[in-house]
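Dear colleague,

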Protein chains: 2
Amino acid sequence: MTAPLHEAHPAGSGRRLPDTQQGMRRRNLSRVMHTVGDEGPLSRAAVASRIGLTRAAVSTLVDELIRTGLLEELGPERPGRVGRPGSALTVSGHGPAGIGAEVGVDHLAVCAVDLRGTVRARAVRHGTNRGRPAGPVIQELTALVHQVVAEADREGLWPAGLAVAVPGLVARDARTVVRAPNLDWHDTDLGELLPTEWPLTVDNEANFGGLAELWLGDAAPRDFLHVSAEIGIGAAVLVDGRLLRGTRGFAGELGHVPVRPEGPECPCGGRGCLEQYAGEEAVLRAAGLEPGEDRVGLLSRRAADGDPDARRALHDAGTALGIALTGAVNLLDPETVVLGGALAGLAPWLLPSLEGELTRRTAGPACPVSVSRLGSEGPLLGAAHSVVRGVLDDPASVAGRP
Amino acid sequence: MTAPLHEAHPAGSGRRLPDTQQGMRRRNLSRVMHTVGDEGPLSRAAVASRIGLTRAAVSTLVDELIRTGLLEELGPERPGRVGRPGSALTVSGHGPAGIGAEVGVDHLAVCAVDLRGTVRARAVRHGTNRGRPAGPVIQELTALVHQVVAEADREGLWPAGLAVAVPGLVARDARTVVRAPNLDWHDTDLGELLPTEWPLTVDNEANFGGLAELWLGDAAPRDFLHVSAEIGIGAAVLVDGRLLRGTRGFAGELGHVPVRPEGPECPCGGRGCLEQYAGEEAVLRAAGLEPGEDRVGLLSRRAADGDPDARRALHDAGTALGIALTGAVNLLDPETVVLGGALAGLAPWLLPSLEGELTRRTAGPACPVSVSRLGSEGPLLGAAHSVVRGVLDDPASVAGRP
């Protein structure tokens, strides 16, 4: 009996393989993949000594992984080393790839990432999706997916799965967008609209952004709060290296934490939510900017040029973020807060007031705040890497090229 | 090689026993204990069929559990059943017991709970501990512990461990009280002050209260926020049946979530923290009550009698709780919020405004709020049960009566 090949939200769910003989084989395949991935190129003997199995056992596992295209042999190691030369193993740059896709409010993006973590193909289409029905948007996204898959195919890669980041709340079925206010989508089953030939995972962009930070970020803490923004403000709560999803899958709604309880009304039904002070529209309005293409870029250029309205708007947004984050830090006690998404590019002007609030409102040392290197690439990379992680965590789930 | 007998925070830490032959035996001992505990009295055959092991294997495990005093035989089952009569097994009402202790701001309490979950001995001492040094307080607590242990001993019970609930932040070493503002304790190592003959766990009262709700509460959700109050306001965040502790062990500080960012100063360094509106002192002050013995009881009697000041004070506290909980619910998406500790007794007058805020500020259906049946007993029971759970989860950790 084997576990289902692809479960909803395989990445970050901390799935454990079953406690059987077959499960042990699958766990050992995964250990070989991760060991070669983290430390390779490595000989079979080196893999065996690192994971504590016999060389014969490792050879059987390696042969299977080569057969399914997950590992490659680089040929004999160069002479001069002690002992019989082994053939160095490396994670395959061909074979299965993770296809990540992102539905942004103002763009669509798709990429293919190989098992080594390298982006091998990419396609982007700019233009607003605000208020457009899901059907035509997903049709365009599907065209981009097929374009990227074709490009990846020319490199010897084939999709192991498709993961889609959306700016909204996604149900725990990992298919249904329950609410995406900035797209005006409600209870939209993307499973019906997206290509069906590959295993599908749909998740909130902030969740994929947080996972990208966990897997690809510089600091790599295991307990952190990842705060990101496109039009709305979302957060991903990472606890001991796992994403906290919440009962309905809606955890991380930092944008609707009340900052000033009698503040302006929010479409969520609340008043004075963080988004009313630090959401993109609120900040642009405060800076005297009209909505339009690449507004955040314009805001950041104005702030860099010393424009006082832009500086003040970002200072006030940082204050509101600091108040909301004080609450979140008190509840979660994370190791660090990471600013990602559009917030990363605005960090120079947000951080002083944000950190000021956190420090002023904390008895002990304040929780450190860092800025993601991934910026607005996070959700797309997180989506593609979630598929790659699924393969590394359970190589037996990939039967070979379809 | 065996795992350490008692790790810091054994309960709620989701500890997994090691993946070895010896680990498998220990896991099976635990499965037998839990099966008999949940469904007993049961015959060996019934246990075997429920956990999917042979009767011979189960008999070996059962014999060991009887020898160490964790299971008891009730004698042959009554005749008239099909097959050879088996002897029904039950969890022992003698043998190991969990000793729970609580350092309250205005009281000390100790109890002994047997493996069946029954409180078998108890001692309480009323009187303020505010501002008293830890030494004399813990000396008094130790006297109560020895009194309860002596009483338990007369019932054939012996301590498997001691767990102490304190109204403050506890480091992840499960010994050191980093900060207990209402006692004025700082960086106090209780491991040096408490009896050393039993394994010791010190934890925040809100954490033990949340675990008590998980183990003993009526609804038994696995994802919930347990909010409790003595003098301060604390919360326990339960995620998938596990306590979220935070990097330093400080998670759940709901009392210092900013409710009105420019509100009154709080000793924590912040302004307008929840405790400034819904903490015991703030509510008593708002109700026109002087501090003193059993003030919460007095407040609740006045509210029950329709005293407008008491009613208004509790209404306003409920509003503040609702604002802070809106933020927490947005971040964590729990299945439910449970009011415990002193808040449970005040719920009739807190809930209308609290639930009003939660509903008003939420787009979808608001997170349901329930009231703990355990009330202010939660932390003490949670402490004692954490020891009992440790025994049920790893019966091999108990070598038999010392």
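**How the two chains are related**

In this predicted model, chain A can be laid on chain B with an RMSD of 0.0 Å by a turn of 180 degrees and a shift of 0.0 Å along the axis, where the copies are superposed by least squares on the C-alpha atoms of residues with pLDDT of at least 70 in both. The two copies are thus related as by a two-fold rotation axis, and in chain A the C-alpha nearest to that axis belongs to Arg260(A), 3.0 Å from it.

Before going on, please keep in mind that residues are numbered from 1 along each chain as its sequence is written, and that chains are lettered from A and ligands numbered from 1 in the order in which they are written. Because the model is predicted, local features need pLDDT of at least 70 and side-chain atom pairs count only at pLDDT 80 or more, while totals for chains, interfaces and linings use all residues, and side-chain values use heavy atoms, with hydrogens and water left out.

**Where the chains meet**

In the interface, 46 residues of chain A are in contact (heavy atoms within 4.5 Å) with 46 residues of chain B. Of the interface residues of chain A, 100% are also interface residues in chain B, so the copies meet through the same surface. Between them the two chains bury about 3600 Å², 51% of it on carbon and sulfur atoms; buried area is the accessible area (1.4 Å probe) that two parts lose on being put together, summed over both. Leu331(A), Asp333(A) and Arg361(A) supply 20% of the area that chain A buries against chain B, more than any other three residues.

Helices here are DSSP runs (H or I, at least four residues), numbered from the N terminus, and their axes are lines fitted to C-alpha atoms over the stretch in contact, with angles running from 0 to 180 degrees between N-to-C directions.

The axes of α9(A) (residues 308–332) and α10(A) (residues 341–360) come within 7 Å and cross at roughly 60 degrees. That makes α9(A) oblique to α10(A), since angles under 35 degrees count as roughly parallel, over 145 as roughly antiparallel, 65 to 115 as roughly perpendicular and the rest as oblique.

The axes of α1(A) (residues 21–39) and α3(A) (residues 55–67) come within 10 Å and cross at roughly 75 degrees, which makes α1(A) roughly perpendicular to α3(A). Their contact is made by Arg25(A), Asn28(A), Leu29(A), Val32(A) and Met33(A) of α1(A) and by Leu61(A), Val62(A), Glu64(A) and Leu65(A) of α3(A).

Methods. Helix = DSSP H or I, 4+ residues; strand = E, 2+ residues; numbered from the N terminus.
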